[in-house]
Amino acid sequence: MGRYSDSDEWADITPIAQNDGGPNPLAAIAYTEEYSEAMGYFRAVAAKNEKSERALELTEHIISMNPAHYTIWLYRANTIFELQKTNQSNLQDDILEELQWLDNLSLKHLKNYQIW
């Protein structure tokens, strides 16, 4: 099974499968099982507009597989700001932690123009 489907933390989420255009798509992309599972959970989290620590962890995992995914970067940034607004975290600490993570990631992907 998968990283998320086997986790109690994600038991309340039903992943949303990618719609490639019906049963016989013209040009379906062959994603890895790990990436497909993570994106299914991301689509479900995004559909619920969930902004949480687990959503941040999910975006980090997806970015590790596809660092040029603009939608994931945007959702991650919005989640950080929303967590701060609802007093679930400290913005300054979160931003400093995020910048450290971004610094390490950007050195591995020098031509990634989606990093926020």
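This is a predicted model: local features need pLDDT of at least 70, side-chain atom pairs count only at pLDDT 80 or more; totals for chains, interfaces and linings use all residues.
Mentor: The confidence is highest in helix α1 (residues 33-47), with a mean of 97, and lowest in helix α4 (residues 91-108), with a mean of 75.

Trainee: How many helices and strands does the protein chain have?

Mentor: The protein chain has four helices and zero strands, and from the N terminus on its elements run α-α-α-α.

Trainee: How do you know that the length of α1 agrees with what its 15 residues should span?

Mentor: At 1.5 Å a residue, the 15 residues of α1 should span 21 Å, and because the C-alpha atoms at its ends are 21 Å apart, the two values agree. For helix α2 (residues 53-65), the 13 residues should span 18 Å, and the end C-alpha atoms are 19 Å apart, which agrees as well.

Trainee: Why is R54 called buried, while D12 is called partly exposed?

Mentor: Buried means under 20% relative accessible area, and partly exposed lies between that value and 50%. R54 has a relative accessibility of 10%, which is under the cut-off, so R54 counts as buried.

Trainee: What makes the pair of D12 and R54 a salt bridge?

Mentor: A salt bridge needs a side-chain nitrogen of Lys or Arg within 4 Å of a carboxyl oxygen of Asp or Glu. The closest N and O atoms of D12 and R54 are 2.8 Å apart, so the pair meets the definition. This pair links distant parts of the chain, since D12 is in the segment before α1 and R54 is in helix α2, 42 residues apart.

Trainee: What describes the way α1 and α2 pass each other?

Mentor: Two packed helices are described by the angle between their axes and the distance between the axes. The axes of α1 and α2 come within 10 Å and cross at roughly 145°, and α1 passes α2 in a left-handed crossing. The contact is made by residues that include Y35, M39 and F42 of α1, together with A55, L58 and I62 of α2.

Trainee: Which residues of the two helices are buried?

Mentor: In α1 the buried residues include Y35, A38, M39 and F42, and what covers the buried residues of α1 includes α2 and α3 (70-85). In α2, the buried residues include A55, L58 and I62.

Trainee: Why is H69 called buried, and where does it lie?

Mentor: H69 lies in the loop between α2 and α3. Its relative accessible area is 15%, which is under 20%, so H69 is buried. Not counting residues up to four places away in sequence, H69 touches Y35 and M39.

Trainee: What share of the 116 residues in the protein chain is buried?

Mentor: Buried residues make up 35% of the 116 residues.

Technical notes. Residues are numbered from 1 along each chain as its sequence is written. Side-chain values use heavy atoms; hydrogens and water are left out. The expected span of a helix is 1.5 Å times one less than its number of residues. Buried means under 20% relative accessible area, exposed over 50%, partly exposed in between (1.4 Å probe, protein chains only). pLDDT is the predictor's confidence in each residue, from 0 to 100. Contact means heavy atoms within 4.5 Å. Axes are lines fitted to C-alpha atoms, for helices over the stretch in contact, and angles run from 0 to 180 degrees between N-to-C directions. A crossing is left-handed if the near helix is turned anticlockwise from the far one by less than a right angle, and right-handed if clockwise.
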